[in-house]
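Let's take a guided walk through a protein together. Keep the sequence and the 3D view side by side as you read.

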Amino acid sequence: DSGEEVSVLTWHERLQKKKANNGLHDEDGQDRTSKGTDDDVVLLDCRNAYESDVGKFQGAIPLETMTFKDTWRVLERVLANKDPRKTQVMIYCTGGVRCVKVGAYLKQRMGFKNVARLQG
């Protein structure tokens, strides 16, 4: 299981809903709300640093990796203080393969229950 693959429209709707609820995080990973909630959302840019430098979704946390093998260590650090039962993790990458692997790691290794990856 690598998480739910969502369409661009569904992705956009979820981001709008979470922005309205202040459930997104700043680029440094800090909660914009005073405490995490059931609506807690982390938006991760799973691309390499040079790809993220070109542009990213507002509120996304870039993993800033140089190679894919660095991803696991960064995920562990970025999500260390998040409750896997309550945090929704939304991930995107360039072609989709990286997101499938990241989604599987988040669910199977780190125990996150609500993982969504952008289709495509």
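## Before you start

This is a predicted model, in which local features need pLDDT of at least 70 and side-chain atom pairs count only at pLDDT 80 or more, while totals for chains, interfaces and linings use all residues. Residues are numbered from 1 along each chain as its sequence is written, and side-chain values use heavy atoms, leaving out hydrogens and water.

## The overall layout

The protein has four helices and five strands. Helices (H or I, at least four residues) and strands (E, at least two) are DSSP runs, numbered from the N terminus.

Of the 120 residues, 46% count as buried. Here, buried means under 20% relative accessible area, exposed means over 50%, and partly exposed is in between (1.4 Å probe, protein chains only).

The five strands form an open, parallel sheet in the order 1-5-4-2-3. Its edges are strand 1 (4-6) and strand 3 (61-62), each of which pairs on one side only. Two strands pair if DSSP finds at least two bridges between them.

Strand 1 and strand 5 (residues 114-118) are joined in the parallel sense by three bridges. To find one of them, look for glutamate 5, whose bridge partner in strand 5 is arginine 117.

## Helix 4

Helix 4 (residues 97-109) lies across strand 4 (88-92) and strand 5, and runs at about 160° to strand 4. Such angles run from 0 to 180 degrees between N-to-C directions, with axes fitted to C-alpha atoms, for helices over the stretch in contact.

Which residues of helix 4 are buried? They are Arg98, Cys99, Val102, Gly103, Ala104, Tyr105 and Leu106. These buried residues pack against helix 2 (49-52), helix 3, strand 4 and strand 5. After helix 4 comes glycine 111, with a positive phi near 85°.

## A closer look at threonine 87

Threonine 87 sits in the loop between helix 3 (71-78) and strand 4. Is threonine 87 buried or exposed? With a relative accessible area of 1%, threonine 87 is buried.

Leaving aside neighbours within four places in sequence, threonine 87 is in contact with Asp40, Val42, Lys82, Phe112 and Asn114. Contact means heavy atoms within 4.5 Å.
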